[in-house]
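Here's a quick briefing to read alongside the structure. Have the viewer open and follow along.

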Amino acid sequence: MTVTVLYFAALKEALGVSSESLALSPGVATVADLRAHLAARGEAWAQLASFKNLRCAVNQDMVPLTAAVKEGDEVAFFPPVTGG
Amino acid sequence: MKIAVQEADFDVGVELAALTRGQPAVGACASFVGYVRDRNDGAAVAAMTLEHYPGMTEKALATIVDEARGRWALLDVTVIHRVGRLDIGDQIVLVAVTSAHRGEAFAACEFIMDYLKTRAPFWKREETPEGARWVDARETDDVAAGRWEN
């Protein structure tokens with residue numbers, strides 16, 4: 001399964017990457033699984049697991065971490081929004 | 001309905017005229033404009049940069065406006081949000097709502113702003129004397145958005 005993962009704002013800065021295409025093992029079924037997979041990369045990535053109020057979106061809709069991830073999805077991780 | 005995410009500034013007079021001119025059913029137009037403030041959380045702010053999530057931003061704003069239209073009898077809505085680098089006093093956001101009576105317009109305008117602040121993917125980065133910093137989300141914004149849920 002291949003997905004596109006996007007990072008925004010403080011998270012993008014901390015990770016040093018804004019987007020990547022990622023081939024995932026069959027064990028990754030939810031956004032939470034994906035986060036755990038990424039956090040296991042070490043160092044800066046570990047904060048994905050501890051990030052306070054981390055928000056995520058799948059195909060540009062905000063979803064809870066329990067949301068499913070499937071082939072071709074665009075998954076985004078970001079801090080709470082601060083516009084307006 | 002007009003939803004725009006843009007670097008360029010906007011003219012409130014032009015936007016309100018576009019919503020109301022030649023619209024005999026309009027009895028009320030409520031609008032809100034947000035500006036870049038020179039202080040935030042105890043620090044002097046020199047300027048700020050707004051980042052967003054292209055694609056999702058427009059979609060999120062459209063969803064918020066649709067929800068407002070489902071709650072109140074609105075005639076039209078304009079939302080313009082700027083991105084990129086902004087200076088003190090610059091306009092950041094415009095929400096303008098027209099309806100037959102003021103109650104709907106006031107309520108919908110506030111609702112759209114409250115939801116925009118918690119659901120639309122924009123992030124502010126301020127320039128302060130101690131360096132640049134990302135603006136933290138406020139709990140009061142979640143409280144403000146939450147009061148519409150009942």
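B:Gly55 is partly exposed because its relative accessibility is 30%, where buried means under 20% relative accessible area, exposed over 50%, and partly exposed in between, with a 1.4 Å probe and protein chains only. This is a predicted model, so to speak of local features takes pLDDT of at least 70, side-chain atom pairs count only at pLDDT 80 or more, and totals for chains, interfaces and linings use all residues. As for conventions, residues are numbered from 1 along each chain as its sequence is written, chains are lettered from A and ligands numbered from 1 in the order in which they are written, and side-chain values use heavy atoms, with hydrogens and water left out.

**Around B:Gly55 and B:Met56**

- B:Gly55 sits in the chain B loop that links β5 (47-52) to α2 (56-71); helices (H or I, at least four residues) and strands (E, at least two) are DSSP runs, numbered from the N terminus.
- B:Met56 belongs to helix α2 of chain B, and it counts as buried because its relative accessibility is 1%.
- Leaving out residues up to four places away in sequence, B:Met56 touches A:Ala57, A:Gln60, A:Asp61, A:Met62, A:Phe78 and B:Pro121; contact here means heavy atoms within 4.5 Å.
- The C-alpha atoms of B:Met56 and B:Val77 are 19 Å apart, and the two residues are 21 apart along the chain.

**Where the chains meet**

- On the chain A side 21 residues make contact, and on the chain B side 26 do.
- Together the two chains bury about 1900 Å², with 57% of that coming from carbon and sulfur atoms; buried area is the accessible area (1.4 Å probe) that two parts lose on being put together, summed over both.
- A:Gln60, A:Thr82 and A:Gly84 give 36% of what chain A buries against chain B, more than any other three residues.

**Chain A as a whole**

- Chain A has three helices and five strands, in the order β-α-β-α-α-β-β-β from the N terminus.
- Why call the chain A radius of gyration a match for a compact globule? Its value is 12 Å, and a compact globule of 84 residues would come out near 12 Å; the radius is taken over C-alpha atoms, and the globule rule is 2.2 Å times the number of residues to the power 0.38.
- The C-alpha trace of chain A spans about 35 × 30 × 20 Å along its principal axes.
- Of its 84 residues, 45% count as buried.
- Take the chain A contacts with a separation of 6 or more: 50% of them join residues 24 or more positions apart.
- Chain A carries 6 positive and 8 negative side chains, and the centres of the two sets are 8 Å apart. Lys and Arg count as positive and Asp and Glu as negative, with His and the chain ends not counted; each charge is placed at NZ of Lys, CZ of Arg, CG of Asp or CD of Glu.

**Two positive phi values**

- Most residues other than glycine have a negative phi.
- A:Glu43, not a glycine, has a positive phi of about 40°. A:Glu43 lies in the loop between α2 (31-39) and α3 (47-50) of chain A, and it counts as exposed because its relative accessibility is 79%.
- A:Asn59 has a positive phi too, near 50°. A:Asn59 is in the loop between β3 (55-58) and β4 (61-63) of chain A, and with a relative accessible area of 32% it is partly exposed.
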